[in-house]
Structures are given as structure tokens and as C-alpha cells.
There are 4 protein chains.
Amino acid sequence: MKILFIGDVVGRAGRLALSSRLSRLIDRHQIDLVVANGENAAAGFGLTADLARELYDLGVDVLTSGNHIWDKKELYPYLESQKRLLRPANYPAGAPGRGHGVYTTSAGIPVGILNLEGRVFMGNLECPFRVADALVEELRRQTPIILVDFHAEATSEKAALGCYLDGRVSAVVGTHTHVPTADERILPGGTAYMTDVGMTGSRDSVIGIRKELAVEKFLSLLPVRFEVAKKDSVICAVVLTIDEQTGRAVGIERVLEELAD
Amino acid sequence: MKILFIGDVVGRAGRLALSSRLSRLIDRHQIDLVVANGENAAAGFGLTADLARELYDLGVDVLTSGNHIWDKKELYPYLESQKRLLRPANYPAGAPGRGHGVYTTSAGIPVGILNLEGRVFMGNLECPFRVADALVEELRRQTPIILVDFHAEATSEKAALGCYLDGRVSAVVGTHTHVPTADERILPGGTAYMTDVGMTGSRDSVIGIRKELAVEKFLSLLPVRFEVAKKDSVICAVVLTIDEQTGRAVGIERVLEELAD
Amino acid sequence: MKILFIGDVVGRAGRLALSSRLSRLIDRHQIDLVVANGENAAAGFGLTADLARELYDLGVDVLTSGNHIWDKKELYPYLESQKRLLRPANYPAGAPGRGHGVYTTSAGIPVGILNLEGRVFMGNLECPFRVADALVEELRRQTPIILVDFHAEATSEKAALGCYLDGRVSAVVGTHTHVPTADERILPGGTAYMTDVGMTGSRDSVIGIRKELAVEKFLSLLPVRFEVAKKDSVICAVVLTIDEQTGRAVGIERVLEELAD
Amino acid sequence: MKILFIGDVVGRAGRLALSSRLSRLIDRHQIDLVVANGENAAAGFGLTADLARELYDLGVDVLTSGNHIWDKKELYPYLESQKRLLRPANYPAGAPGRGHGVYTTSAGIPVGILNLEGRVFMGNLECPFRVADALVEELRRQTPIILVDFHAEATSEKAALGCYLDGRVSAVVGTHTHVPTADERILPGGTAYMTDVGMTGSRDSVIGIRKELAVEKFLSLLPVRFEVAKKDSVICAVVLTIDEQTGRAVGIERVLEELAD
Ligand SMILES: [Fe+2]
Ligand SMILES: [Fe+2]
Ligand SMILES: [Fe+2]
Ligand SMILES: [Fe+2]
Ligand SMILES: [Fe+2]
Ligand SMILES: [Fe+2]
Ligand SMILES: [Fe+2]
Ligand SMILES: [Fe+2]
């Protein structure tokens, strides 16, 4: 079976890119389940219930997220109620929403999804390695097919979690840096791995933000109000091919879908 | 003309990979100048004069570096004397060595090289954007062909410097994360750009380090003595094709050279 | 001559404390010049022109600041025009306002004031040590009496700047942590030093913020809207006694003024 | 009953200060239990079994510690075996040693001690607030007299833990910054609180380190080998007076013991 995982959808440029090309990608790759990281869908900062619905309507089955998911307080009740929207599982007890779930494809295949957030250069969350131990175990009781979205900054932490879960999950893919890495491969234990899937939005930008504003920020070190860039939209994604019986990955293919402006 | 830029060479695994394949790569791509980041050549931590000579003997013309270049104090006099070894230019005045230079290919083409280090999640160095302004200006008085190795952690800072220098240098390539990115392209102003070239060393590892040790570190949060991994060596590099008259990039090609174990 | 330096004024609680007790403190200690750090005067986050005028009306002669001075964009023109309001001098060129000045007491004594910000655990500003070298030199051409407000987090960086400027300025006092230190003393070269003056505001709080909100933030790791606390107001300050001829400090006395609720 | 808590003992200067004055302090204040933070006793970096014994021989009853306790690997077996030596309790499971214990004074009074480490600007440990919840509960089953050493950098985190535990423990005192704060007081719920006790060692220094070396580090941003300073030794400590029946603090007195050179 095949999963399409789409990297952080950034603002209108990202949503338009999906609107224009997602159904084509699903057909071309014969995708069974579409997962997208939606933490930047609302003008680069967070998500709203309306935008989540828009993404579901475009063909996304499950949304994962990351540190920006808390940007809009009005989302919190929706996080509680919408089972197809995940936030990183390793926030302290009491955070709205959930970080893992099992979802069934239209062909009836159950897929476990786990969302985690890194700690290096980020917040003081619970240990993602130990939280993964517990939740992967729980998911494995329901299905051998498990996808982990590890939303993290440091390549070392992402690679280490990949090694740590190798053989226990179908795939560990990274998000958050908004730049796709060229290291997609299947680890010795059968887990597909890619440090970062990249982002879906304007490529002629600084990780999705208008480049003039990003440069101004680095030069001035003063607060700058960021705006999402518009030109040169791309979808950064990855297609994971997984053996349904064993949950082992048999293929991982990086996808770059470029839209003419 | 063509430059081969090789990402951080990590320990013996990285040096052996170059020993086995560098001359072949030079031939295959008809390379005029070979630049490699050598900050991790000495067992993952720093560089020595002997290892620098070893890398020059293997065909490297110029070595750049980064934050780890200070790991071995015995290197400091060599940094002062060896013009073909650069350290990031934006260290405070008084640091041993230099961060930029002009080097001439065997065909007589002068190439300016500038090494910078990022500040996001790293040290409090001088502003890499402003140091680049000054040193790019200086280099452009000698040659239009200029390569920048931006040794930095954050994708945002790297992308912003690429945009900032677009049209003023031939290429901005990143190092430090040890993972190659799949975003190599030519920016609108004619500058080749790639967020990170990746590393040259053992791929079956956590960014070059034995994976058991890296996982132990993340689990225990105690000091762990790191050792360089050995298996599954790769060379991560990029071939830059540059118009000699204008200095504009006309091609950028990511290179992954895999060695059978 | 005597300078009263008042630590970060936090919100209404801090302003009310000054309103109630500043004139008394000036009389009691026979103060020639009053300097206060105003970066948190506007509900804990930044400053406005109106609040600056309010503080001047209460008897403050010069306002210094720190990282929070940029919180309110509407202040920027005022920063440009009001010579008695300083922001840290080591922001990159182009930042609004200025970081040093010479002010004359009513008795006609010129006092140089320099505001700097630390980099450890803070932003990537210009080196405060080197900026101090240049600006202290400039101020010394006008007066031997020089006060430095070093707005910084790490005790090591603050102590090191104190040692570095010892004998060149009259006093180095720290701000930013909002907690007064008990290490006020005169260093061997004649410079008065105190790691942090503390804050002026509600003491029954977490550094000026309502304690329930601060605890909630540490427990949840989610965004929490902070509000300034009100109860148990104190003024944290220091009285510096300086020899007018030499600029050497002859006394440093910590001041804690407690208000009955 | 009275507890003397001594801030981070830094190198030989700190040990000599205790050797010369600890017994006098114990007598003067009629101390029942002496607790000292020993994380820097070994030349500024860590502790050894021999030095721990030296400190016990000088009159210290219990040693607490912090992030530097892991500097010397040879200490780890001793950490496991010596019940009177604590390391922060909120390291991940599997760390050598323990973070809390109950100790009995010579008069037979049981005192619970809990050592925690902060996370802001420090490592990604387990949540100190939640670990405190569990271990304070456990200690309270044995004694109402409980002392917490919170080894942390940020004043906000320290103040927040003080508020959080107010009324549940006898005292929360901070360590790690090596500078004593002047905010010792009894919180509304009866818990004695002080943000940082300061260090025991050379005051004519940068937090215990030779000042020339610390300044060199800030100027050069290169690795500098630190050495402990020697001159102007002080003991920074605090005397806690606690009601034995209720565990409530009835007094907190900051102590600065200066030794003539
Ligand atoms: Fe993102
Ligand atoms: Fe993110
Ligand atoms: Fe490296
Ligand atoms: Fe590096
Ligand atoms: Fe402040
Ligand atoms: Fe501040
Ligand atoms: Fe310490
Ligand atoms: Fe410490």
C-alpha cells in the first residue's frame, strides 16, 4: 500500500498548490492514504478549523503538525474533537488533542500515525524516544503499518530517532525545517527514513516567507512581521510503499511537484 | 568552469571514501577546482596539519571548515600559515587564520572562496551578512567567480544568505548539518544555491557518528564519548558549473557517490 | 555625586511604586541623577512615549532599556527623537535610537551613560565588549563619570564585562533577570559592580508576571498570555557614589523599597 | 531547627574556604544539618569520591549537585553507592545515583532533601515541576521538613517552582548561577525562597573562574581552558530556620563569609 506524506503546507501558496495538483499526485502514484503536515497552513502560523476542512476537502486524509499548531487558540476545541488532526504526542499531559491514531484506508487497511516533536533547539517536551516506545507499542497492537512524522530541527535527533525505531515502524519522516533532504532510504531494519520532507508553498522565498522580510530580520535583529511568499509554488512530499502484511517499507520516493507560476 | 564542492569529511570513513573515489569524480565531471569542508576530518572533531596534507594529496585544492575547526589547538599555527585552509571569516578579529582567498585553477582561472558560519543555534559571531558584503566586494575586485561555504544550522539563515548574495556570487552552498538537501537550484539572480551539501563519511550512522552512541546520548542526556562510524561510506558533494566571464552559475548538480562496503 | 539606578520598571505596579516613593528616595539619598530601565513599563512588554513621559514626570532623568524595547513599534520615532531614552548600543547599524549619551545634572556635572545587551542565551548582537571599548572611549573624552547598564541573562557575561571595564567606567550594573543580586561591590580598579539590580514592580509574582500564569506556562509549554502582577510592590535600585574628579566609585548601596499593599 | 545550605563549592578556593570557616559558621548559627552543592568542587568541573569525602570531613552532611556532576565518569559508581550525595532527580531513568533522600540530624530530626535541575537554557530533562510533585509527596510521608535545591539558570523558572511548591516544602533555594541573590524571603504559604545562594570560592573572578580567561573567552569565542581563581575567597550560604512540627520556614538569612586573603 502507498502513503503520500506532504511536508508543511505554508499559507495560501501551499493550499493552492495542493488544490491544483493533489488529486493528480494521488492518481499518478495510486495513493491509499494522504497525510500532510498542516502547522503553517494559516498564513504561515498555525491552522484553523476552516482551513483544516479545506485541506480534507482537497484530499488530505490525516493532518499532522508541530510547534506552530498552538498559534491559534481558536483551534484548540477542534483539536479535541477532530480525530484526523494530530499534534505532537510528547507535549505534557493536558495539552488539547492527541498525537497518534489509527486510520483506515478506503480499501480497509489500518494505518497507525504518530506525530512527535524534537527537543534540540526547540522546547522542553517529553522525551520523544520514550514516548515513541510506548505509543508505537500501542499502535502495533492494532496494525503493523505505522508512519511517524518527527517534527524537529536537528538532523542528529531526527537520524537518531530513525535508527531507534528502525524495524518497529514503517517510516520515520521529518518535518519543520521546510527544506527537503536528499537522504531518503530504507534503513537496515526495514524502516523508510527521510530527514525532512520539505514544505509545500512558495519556493522563491526563505522557507515559505517573503525573502525581503526574512533578510530584513537577519540584518536588523528587530521584530519583523512575516508574510507568506506567493511565487514559484511547489509541493514537497514523499511516497512510501509499504508491505501490508509485515509493515516493512519496500520503497521511498521523494516527490517535488513544481507549478508553473 | 567546474567546481566540485565536498561536504564535511568525517573521520577515517570520509577520508577513505575520498581516497577511493575522488580522482574518479574529478575525471568524470571534468573538475577544475576541488573544495572540501574538513572540519570533522580528525575522528569527527577538527583537523590536523597531517590530515590536511593527506586531503591535499588526495586532490583537494582548498579546505573550508566551520565550528569544529578549533577543536585541535595544535592546528592553529597551520591555520595561520596554510593559505589553502579557510576557517569561517566572521570570527572576531584575532582568530588564527583567514576566511577567504583567491585560488587559481591549473587552467589559470581565479576563484574566490569565502567561508562563513551561521549564528542561529550557534555562536555569537559577527554578522555573516555584513561580513559577506565586505569580503564579496573585495573578492569581486579580483574575480567574478566566487563560491561561499555557509556553515550553518538553520535553514532560514542559509536560505536568507543565499537570497542576499544572489547575483553577487557564483554559488552559496551550506554545510554543518551533515545531511544533503534536495533543493539545489539556480536563484533568480544567477547564484547557485543548496542548503546543505551533506557529509562525506559513514551513512549508516547518525550524521557520521556510531548510531548506538548517538541514541545513547539522546536517551541518557549524560556525556557520551562519540566515535566515528565506519560502514556504508558515501561522498556527498555538488558540482557547480560557472560561466567564467560573468561568474554566473549555469548548473548545479548534486552528487552522491556510494561505496560498496 | 550620587546616581540612583532603578531596575526594570514592570507595568503599572512598577510605575505606581515610583509614583509613591521615588521623590522620597531622591531626597533620602541626595541623588543627583536618576536612571531607570524602562523596557517593561508598558504592561510588561516595551514602552510607549506616554509612559516614558510619565516616568520623566515622576523624576527619572534618563531611561535605559533592553530586549523588550522593540515590543511596541509606535515607540520607534520617539526613540529617534528623545535623547534621554537609550536602547542597547550593540544592535546592528540602522536600529532606531541610540545607546549612549552624556547628561548633565542640575549641579552641572556631566554623566555618561552606556546601555548594552548581552548575547549569551539572547540575540546575536554585536560584541558588547568591543562596542564598550569604542563608546567608553568616546564618553571619556567628555566626562570621567560613566555608568553602564548591561542588560543580560548570564552571570558569567555580566561579571566578565564588569572585569573588562574595571577602571575605565564608574559603574557596571546589570538588568534583565528581574532579581536583585547581593554581590554589589567595588572592583579592584575602582568600578562599582552589581550583577543585577532587580526589578521594580510586584514581588509576589514570577519576575513581575502573575504567578499562576507563569506556572501554567511551565506546566503546559503552550502559549500563555502574560499579565503583570499587582500585589506587594517593591522598588529595586542601587545608589552609586562617585568621585566627580576621577570618576571612581566610592560607594555602592543596594536599595529595596517595600510598599505596604 | 536550622539548616545551613552552601552554594556551589568551586575548586580549591571553595574547599579551603570551608576548611577555614565552616565549623565556625556551624557554631555561630547552631546548625543542625549542613548541605552543600558540590558540582564544581573538582577544579570547577565535577566532583570525585575523594573530594566528596574531604567535604564530608569538613562538616558537610549532604552534597547536592547539578549539570556538572557528570563531568568525571569515575564518580558514577560513587554516586550509586553514597546515599549522602544527590544529583538532580529529573534526569531520565537509568542515570547513576539518586535525587532525593531523607537524612537524620544528630538530634534525630528527619530532613528530606530534593535536588532538581532547570530546563530553560539548559538540558531537556524531565519536567522539574512534575518530578517535584511526585517526590515531595513521597518525602512528606516521612517528614514535613523538606529542602529543595533547584539548580537552574533562569530566574523565571526558579521563581515559578518556588511559587509552585509554596506551602508544600520548607525551602526552595537556587544554585548554578554562582551569584547570590538578595531576594531571600518567606513566601505566603510558608516556604523559604531564594533564587540563588551564590558560590563558595574566589570572588575576584568570573563566577569562580580566573577573570582573564573568562574575558578571553568572550572576546575570542574560541575554546579556552578554564582555571579556578584563587583570590578573595568567600562562602555564600543561607541559614534556614524551620519549625520542626509543621515544616514551615520561620526564618531565612543570607550568609556571606569573607576570608582575608
Ligand atoms: Fe513548519
Ligand atoms: Fe515547525
Ligand atoms: Fe561538520
Ligand atoms: Fe559544523
Ligand atoms: Fe526586563
Ligand atoms: Fe530584558
Ligand atoms: Fe555550579
Ligand atoms: Fe551548574
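How are the donor residues of the iron ion (ligand 1) spaced in sequence? The spacing is D-x30-E-N-x137-H. This is a predicted model, in which local features need pLDDT of at least 70, side-chain atom pairs count only at pLDDT 80 or more, and totals for chains, interfaces and linings use all residues. Residues are numbered from 1 along each chain as its sequence is written, chains are lettered from A and ligands numbered from 1 in the order in which they are written, and side-chain values use heavy atoms, with hydrogens and water left out.

**Iron site in chain A**

- The protein donors of the iron ion (ligand 1) are A:Asp8 (OD), A:Glu39 (OE), A:Asn40 (OD1) and A:His178 (NE2), at 2.1 to 2.2 Å; donors are N, O and S atoms within 2.8 Å of the metal (3.2 Å for Na, K and Ca), and sites may look incomplete because water is not among the atoms.
- The angles subtended by the four donor atoms run from 88 to 165°, which makes the arrangement irregular. Four donors count as tetrahedral if all angles lie between 85 and 135 degrees; four count as square planar and six as octahedral if opposite donors are over 155 degrees apart and all others between 65 and 115; anything else is irregular.
- A:Glu39 bridges the iron ion (ligand 1) and the iron ion (ligand 2), 3.5 Å apart.
- An unreviewed UniProt entry places the feature "binding site" at A:Asp8, A:Glu39, A:Asn40 and A:His178. These residues span 171 residues in sequence, yet no two of their C-alpha atoms are more than 11.4 Å apart, so they gather at one spot. UniProt positions follow the numbering used here, feature names are shortened, and annotations may be inferred rather than shown by experiment.

- A:Asp8 is in the loop between strand 1 (2-6) and helix 1 (11-29) of chain A, and A:His178 is in the loop between strand 7 (171-175) and strand 8 (185-186). Helices (H or I, at least four residues) and strands (E, at least two) are DSSP runs, numbered from the N terminus.
- A:Asp8 is buried at 0% relative accessibility, as are A:Glu39 at 1%, A:Asn40 at 2% and A:His178 at 9%. Buried means under 20% relative accessible area, exposed over 50%, and partly exposed in between (1.4 Å probe, protein chains only).

**Iron site in chain D**

- The iron ion (ligand 8) lies 3.5 Å from the iron ion (ligand 7), and D:Glu39 coordinates both.
- D:Glu39 is buried at 1% relative accessibility, whereas D:Asn67 is partly exposed at 23%.

**Chain interfaces**

- Chain A and chain B each give 34 residues to their contact (heavy atoms within 4.5 Å). About 3,000 Å² is buried between chain A and chain B, with carbon and sulfur atoms giving 70%; buried area is the accessible area (1.4 Å probe) that two parts lose on being put together, summed over both.
- A:Phe121, A:Phe218 and A:Leu219 supply 20% of the area that chain A buries against chain B, more than any other three residues.
- Between chain A and chain C, about 1,000 Å² is buried, 73% of it from carbon and sulfur atoms. In chain A, A:Leu221, A:Leu222 and A:Pro223 lose the most area to chain C, together 46% of what that side buries.
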